[in-house]
Amino acid sequence: MGKTAKIKKLKAKLKTLKAQLKAARTHTHAVAPLAPKSFPDLPVIAGARFSAVKAGVKYADRLDVMLAELQPGTTIAGVFTKSATRSAPVLDCQSKLGSDASAGAAILVNAGNSNAFTGAAGDGSVDAITTEVAKALSVPKNRVYTASTGVIGQPLPHDRITARIDELKGTLAPDGLEQAAQAIRTTDTFAKGAKAEVKIGDQTVHIAGIAKGSGMIAPDMATMLVFIFTDAKVAQGDLQSMLSDLTETSFNSITVDSDTSTSDSLLLAATGASGIEVAKDNQAFRSALHDVMLDLAHQVVRDGEGATKFVEVRVTGAKSDADARTHALAIANSPLVKTAIAGEDPNWGRVVMAIGKSGAYAERDKLAIRFGDVLVAENGWVSPQYREEDGANYMTRDELVIAVDLNIGDGTSSVWTCDLTHGYIQINADYRS
């Protein structure tokens, strides 16, 4: 190889290294422009304690493992990814739902490694972690739930986690939930938390939740880890019924990039410490729980990798709710729609395209499209009153609504998404490095 060629190769390598360094800095330090102004002041949930440590699973000098200790009597419900390649922690958690609630329970979560597609080694890591947590907290092994998030296909260095169990135990505190939220992040640019209070008779129950998620987000539990806690007393069957129902209109109604993870897990724990009994048909509690779930789901979209726009896709007038959802997801997942949003281009033709390809029923000449309050198209054609500058001005906003009325029925659906930018490519091109 000649001198000129070697210099050219070195320059190319230097350019790549600079790009990787910039990407690393971007998703380590830069907070997403759509992030909340601050982490919420979460209430203490009686019957639950939390801790977090720096175990070095992947990340250097940052919190990456959290532990939740739950009092005897805590009921736990869960929903998980339906991926055919779901991880060892997911399979283990699924097998433990409905276990005897008379004993205490624990949840341990690590970031940096998903312990997915790791074969028998993955099962061994789960076994090692659950064994040590059960021993340290004196709880049954089948009441220890784990979750892992991060790179797929690499063995989990679980010894780094088990070496910190005593430290985790020793620092458990009722007000440790914010640190726990910090410890479960991967490419997230901010920790995510949400809360609610609800009156049951003349008494108050509390709900607090944390989540992680930024990329690989699509309906099917999206791509995330979510942990929600309440001091209400709820039977496990009722808790599971509520969680499964409310997931459909929260975490299963968001998408960042249409990809579904191997590790999606949502656990809901009711400690019962308040002594206030709640049944599955209690609308006040259901509404408060849904508010927390939807808040966390929206925060995941707001932290979408590279996102600069938060978008609601609202479909009405479909033949059925199922058809409305199909249309909404076709729009929300379309790379052409999402890149137009990133470029602040009111390209309503791409919305028409997405509806046409979705597979759900539509009639071209009844279709109406709005960008916010701007009527763009109606009766299968551009609206006579539409002005391109109105659409372009609307698209400069940080939060957008794309509304489609099919005018053929009563079906409705809303899903939430974000734009697709160069930042998404940069983050994911360098994710493993």
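A: Let's start with lysine 141, which is partly exposed at a relative accessible area of 35%. (Buried means under 20% relative accessible area, exposed over 50%, and partly exposed lies in between, using a 1.4 Å probe and protein chains only.) This is a predicted model, in which local features need pLDDT of at least 70 and side-chain atom pairs count only at pLDDT 80 or more, while totals for chains, interfaces and linings use all residues. Residues are numbered from 1 along each chain as its sequence is written, and side-chain values use heavy atoms, with hydrogens and water left out.

The partner of lysine 141 is aspartate 127: the two form a salt bridge, and their closest N and O atoms are 2.3 Å apart. Lysine 141 sits in the loop between H3 and strand E5 (144–151), whereas aspartate 127 belongs to helix H3, so the pair ties together parts that are 14 residues apart in sequence. (A salt bridge is a side-chain nitrogen of Lys or Arg within 4 Å of a carboxyl oxygen of Asp or Glu; helices, H or I with at least four residues, and strands, E with at least two, are DSSP runs numbered from the N terminus.) Aspartate 127 is partly exposed as well, with 39% relative accessibility. As a general idea, side chains of opposite charge can pair when their charged atoms come close. The structure holds 16 salt bridges.

An open sheet of four strands runs in the order E1-E2-E4-E5, and its pairing is mixed. E1 (48–53) and E5 are the edge strands with a single partner strand each, so one side of each has no neighbour in the sheet. From one strand to the next, the twist averages 10 degrees. (Two strands pair if DSSP finds at least two bridges between them; axes are lines fitted to C-alpha atoms, for helices over the stretch in contact, and angles run from 0 to 180 degrees between N-to-C directions.) At one end of that order, E1 pairs with strand E2 (residues 65–70) in the antiparallel sense over six bridges. One example is serine 51, whose bridge partner in E2 is leucine 67. Helix H3 packs on this sheet: H3 touches E2, E4 and E5, and its direction makes about 135 degrees with that of E5. (Contact means heavy atoms within 4.5 Å.)

Let's step into strand E4, where alanine 111 has its place. Alanine 111 is buried, with a relative accessible area of 0%. The C-alpha atom of alanine 111 is separated by 5.9 Å from that of serine 148, although these residues are 37 residues apart along the chain. Leaving aside neighbours within four places in sequence, alanine 111 is in contact with several residues, including Val57, Tyr59, Arg62, Thr149 and Ile184.

Serine 114 counts as buried, at 1% relative accessibility. A polar atom of the serine 114 side chain lies 3.0 Å from the backbone oxygen of valine 151.

At 18% relative accessibility, aspartate 92 counts as buried. Its side chain is joined to that of lysine 96 by a polar contact of 2.8 Å. (A polar contact is a pair of N or O atoms within 3.5 Å; within protein, one must be able to donate a hydrogen and the other to accept it, and residues adjacent in sequence count only if both atoms are side-chain atoms.) Not counting residues up to four places away in sequence, aspartate 92 touches Val126, Thr130 and Val144.

To finish, let's return to salt bridges. Lysine 366 and glutamate 363 form one, with their closest N and O atoms 3.3 Å apart. Elsewhere, salt bridges that share partners join Asp188, Lys192 and Asp303 into one network. In another pair, the side chains of arginine 314 and glutamate 312 meet at 3.1 Å, N to O. Here arginine 314 is partly exposed, with a relative accessible area of 35%, whereas glutamate 312 is buried, at 15%.
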